Amino acid sequence: MSLTKTAPPRPVAAAVAPQRKSTLHRSEHRWAAVFVAAPVIGFLLFTLFPLGYSIYASFTSWNGLSAPRFIGLNNFIAIASDPYFRKTLFNTFFYMLGIPIGLVLSLLLAMALSRKLPGRTFFRTVYYIPVISSLAAIAILWQWAYNGDYGLVNQVLHIFGIQGPNWLQDTATVKPAIIIMSVWKGLGYSMLLYLAAIQSVPKSLYEAAELDGAGSLRKFISITLPMVRPVTFFLIVTNIINGSQMFTEINIMTPTGGPEYSAATIVWYIWQKAFKNLQMGYATSMALVLGVLIFIITAIQMRMNARNAFSVE
């Protein structure tokens with residue numbers, strides 16, 4: 001008689017009872033949901049819903065008081081034949097000529113103020129004061145300075161025997177005058193960002209370039225410019241976005257849009273149509289066109305920046 005050994009039966013795994021979450025755990029989740037819900041609700045109420053409604057309003061005839069009336073693409077057809085829209089859009093992009101001027105001047109200032117010179121902290125502060133000053137106050141200040149009779153600019157020109165024009169009332173000088181003011185206003189901000197970028201460049205790169213016999217100009221072109229390229233890209237994109245929304249300085253310095261609408265910007269024209277003429281539907285359609293243009297320009301800039309990426313291994 002042979003005995004066979006049988007394997008002992010495997011113990012059946014006891015069913016694991018679900019672990020109850022502690023009161024503290026549930027309380028943390030509730031508070032986390034509250035904190036997450038606050039920005040989400042804010043985004044829905046103050047960004048997504050207004051954006052969606054403005055898209056709908058752009059296809060309507062609406063004065064902001066009565067119910068909007070759907071009219072299809074009539075607003076966009078009217079935009080295509082609106083000479084004031086084309087002129088204000090041209091003025092808006094013309095003002096952006098000040099962007100490269102401001103970038104060059106701010107980079108030169110940052111290069112100068114990055115050196116160990118006496119009084120550099122004072123000059124950094126002085127150049128940054130316009131950035132933190134009220135835009136309305138600055139616009140009033142420059143409006144006085146550009147006055148054709150007693151303005152400071154013409155008084156300085158008179159010392160050198162030059163008869164200055166009435167800057168804000170002349171179609172040939174109103175846009176350059178506003179560009180000068182805009183460059184002066186944003187110079188300190190761009191300078192500060194460039195200053196931080198220049199000071200973060202590894203010193204070893206300059207030392208290696210000096211060993212190879214590179215001069216100051218070659219080091220600036222081959223090292224400094226590529227290393228500050230991300231700051232340049234950021235400033236170009238933000239300045240284009242901000243410049244396309246120029247309104248306060250135009251509304252204060254040239255309340256009527258300048259002679260022959262030569263100073264009016266697209267946002268100023270949108271504001272006129274919306275709140276002066278009560279053409280809310282037409283104004284939102286122009287704002288939608290402007291938003292699409294800004295998106296396209298920004299996308300092109302990001303594409304170009306991705307192609308010209310620069311890194312130090």
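Is leucine 278 buried, exposed or partly exposed? At 38% relative accessibility, leucine 278 is partly exposed, a label for anything between buried (under 20% relative accessible area) and exposed (over 50%), with a 1.4 Å probe and protein chains only. Keep in mind that this is a predicted model: local features need pLDDT of at least 70, side-chain atom pairs count only at pLDDT 80 or more, and totals for chains, interfaces and linings use all residues. Residues are numbered from 1 along each chain as its sequence is written, and side-chain values use heavy atoms, with hydrogens and water left out.

- Most residues other than glycine have a negative phi.
- Leucine 278 has a positive phi of about 55° without being a glycine, and its place is in the loop between helix 13 and helix 14 (280–307); helices here are DSSP runs of H or I with at least four residues, numbered from the N terminus.
- Glutamate 260, not a glycine either, has a positive phi of about 60°.
- You'll find glutamate 260 in the loop between helix 12 (248–253) and helix 13 (266–276), and it is exposed, at 64% relative accessible area.

**Inside the fold**
- The largest nonpolar core has 35 residues, and Phe85, Tyr95, Tyr146, Ile178, Met253 and Met286 touch the most other members; a core is a set of buried Ala, Val, Leu, Ile, Met, Phe, Trp, Tyr and Cys residues joined through side-chain atoms within 4.5 Å.
- Helix 3 (83–95), helix 6, helix 8 (174–199), helix 12, helix 13 and helix 14 each give two or more residues to this core.
- A second, separate core of 17 residues includes Leu187, Ile198, Leu235 and Ile240.
- Leaving out residues up to four places away in sequence, tyrosine 146 touches Val153, Asn166, Trp167, Leu168, Ala177, Ile180, Met181 and Met253, where contact means heavy atoms within 4.5 Å.

**Tryptophan 144**
- Tryptophan 144 lies in helix 6 and is partly exposed, with a relative accessible area of 40%.

**Transmembrane annotation**
- An unreviewed UniProt entry places "transmembrane region" at residues 31–56, 93–113, 125–145, 177–199, 220–241 and 280–300; such annotations may be inferred rather than shown by experiment.
- Residues 177–199 are 100% helix and 0% strand, with the end C-alpha atoms 33 Å apart; strands are DSSP runs of E with at least two residues.
- For residues 93–113 the span is 90% helix and 0% strand, and the end C-alpha atoms lie 31 Å apart.
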